[in-house]
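Student: I have a model open and want to know what the labels on it rest on. Can we go through them one by one?

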Amino acid sequence: KKSMPLYGKKVMVTAGPTYEAIDPVRFIGNHSSGKMGFAIADELAKLGAEVTLIAGPTAQKAAQRLKRIDVVSAREMFDACTSVFPESDITVMCAAVADYRPKQVATQKIKKRDSGLVLELEKTTDILASLGVAKKTHQILVGFALETNDEENYAKGKLEKKNLDLVVLNSLNDKGAGFKSDTNKITIFNKALERTVFDMKSKTEVAKDICTAILKIAK
Ligand code: C5P
């Protein structure tokens, strides 16, 4: 039991980017590799949790013991998250969800023209924020923040605005942190806005630190 502190707990983790279609062959995406989210899902499963991993397009392989739901767009990720969340005791939102998507998706490949091209974008739903609204008192919700400036203030703002229990800040200012890298450097803020700063580590080790922080607030 000591090695399985999350036995009987249901956990949901999101990972990877989302792709927002422009036409049948093109999309708007981002550089998220999914590594951090997959590592977190794996660690939580090792601690005994029943893990559902909701993954955007990524080359990562998930361990057999995880229940994996593959999605492509922000809208599909929203739908998957909204259906899994009510049963989830602990939710970790690690995915780099697109903030904007093309307002119209062309049904045919857009032809090259002599002139430029303007794409109109509309906002996607902030999944984490909407789960924060739906959250019940027994549920733990963890979000990520990736900022390039004034990062600690933005991270703390996110914690409060999105009703989170923990926010994990990754800074792009640290070499070897973020995106495709195998290492990451994080700072975790809890609800009391207490800050824990971690060293640069492998994403597996970072995932363990995040799980330790979750275990401290889970009962
Ligand atoms: O506000 P910002 O997008 O920087 O917040 C990042 C956090 O919100 C991450 O945990 C990310 O997974 C989540 N998010 C989301 N849905 C969006 C945008 C971000 O769940 N549409």
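Tutor: Start with contact: two residues are in contact if their C-beta atoms, placed from the backbone, lie within 7 Å. This is a predicted model, where local features need pLDDT of at least 70, side-chain atom pairs count only at pLDDT 80 or more, and totals for chains, interfaces and linings use all residues. Residues are numbered from 1 along each chain as its sequence is written.

Student: What does Lys158 touch, not counting residues up to four places away in sequence?

Tutor: Lys158 touches Gly143, Ala145, Leu164 and Val167. Lys158 itself lies in helix H4, residues 151–161. Helices (H or I, at least four residues) and strands (E, at least two) are DSSP runs, numbered from the N terminus.

Student: Why is Lys109 put in its class?

Tutor: Lys109 has 11 C-beta neighbours inside 10 Å, so it counts as exposed. Its place is in the loop between strand S7 (100–102) and strand S8 (121–123). Beyond its neighbours within four places in sequence, Lys109 is in contact with Asp23, Pro24 and Val25.

Student: And what makes Lys201 fall where it does?

Tutor: Lys201 has 18 other C-beta atoms within 10 Å, so it is partly exposed. Lys201 is found in strand S14, residues 201–202. Leaving aside neighbours within four places in sequence, Lys201 is in contact with Thr183, Asn184 and Val206.

Student: Which residues does the "binding site" annotation cover?

Tutor: The unreviewed UniProt entry lists Asp99, Lys109, Phe144, Lys158 and Lys162. They spread over 64 residues of sequence and, in space, up to 38.1 Å between C-alpha atoms. UniProt positions are given in the numbering used here, feature names are shortened, and annotations may be inferred rather than shown by experiment.

Student: How do you know that the buried residues of H4 share a side?

Tutor: Ala155, Lys158 and Leu159 are buried in H4. They cover an arc of only 100° around the axis, which puts them on the same side of H4. The arc is that of the directions from the helix axis to the C-beta atoms. Asn153 and Lys161 are exposed on the other side of H4. The cover over the buried residues of H4 includes S9, strand S10 (166–171) and strand S12 (186–190). Just after H4, Asn163 takes a positive phi of about 60°.

Student: Why are the buried residues of H3 said to line one face?

Tutor: In H3, Ile127, Leu128, Leu131 and Gly132 are buried. Seen down the axis of H3, they fall within an arc of 140°, so they line one face of the helix. Val133 and Ala134 are exposed on the other side of H3. Helix H2 (74–84), S6 and S9 are among what covers the buried residues of H3.

Student: What makes S6 and strand S9 a pair?

Tutor: Two strands pair if DSSP finds at least two bridges between them. S6 and S9 (residues 140–147) have 4 bridges, in the parallel sense. Val92 has Val142 as its bridge partner in S9. Strand S1 (residues 10–15) also runs parallel to S6, joined by 4 bridges. There, Val13 has Val92 as its partner in S6.

Student: Which way do the residues of S6 point?

Tutor: Ile90 and Val92 point one way and Thr91 and Met93 the other, and all are buried. In a regular strand the side chains alternate between the two faces of the sheet.

Student: Why is strand S4 called largely enclosed?

Tutor: In S4 (residues 50–55), 5 of the 6 residues are buried, so it is largely enclosed by the rest of the structure. S1 and S4 run parallel, with 6 bridges. Met12 has Thr52 as its bridge partner in S4. S4 also pairs with strand S5 (residues 67–70), in the parallel sense, over 4 bridges.

Definitions and conventions: Buried ≥ 20, exposed ≤ 12 C-beta atoms within 10 Å, placed from the backbone.
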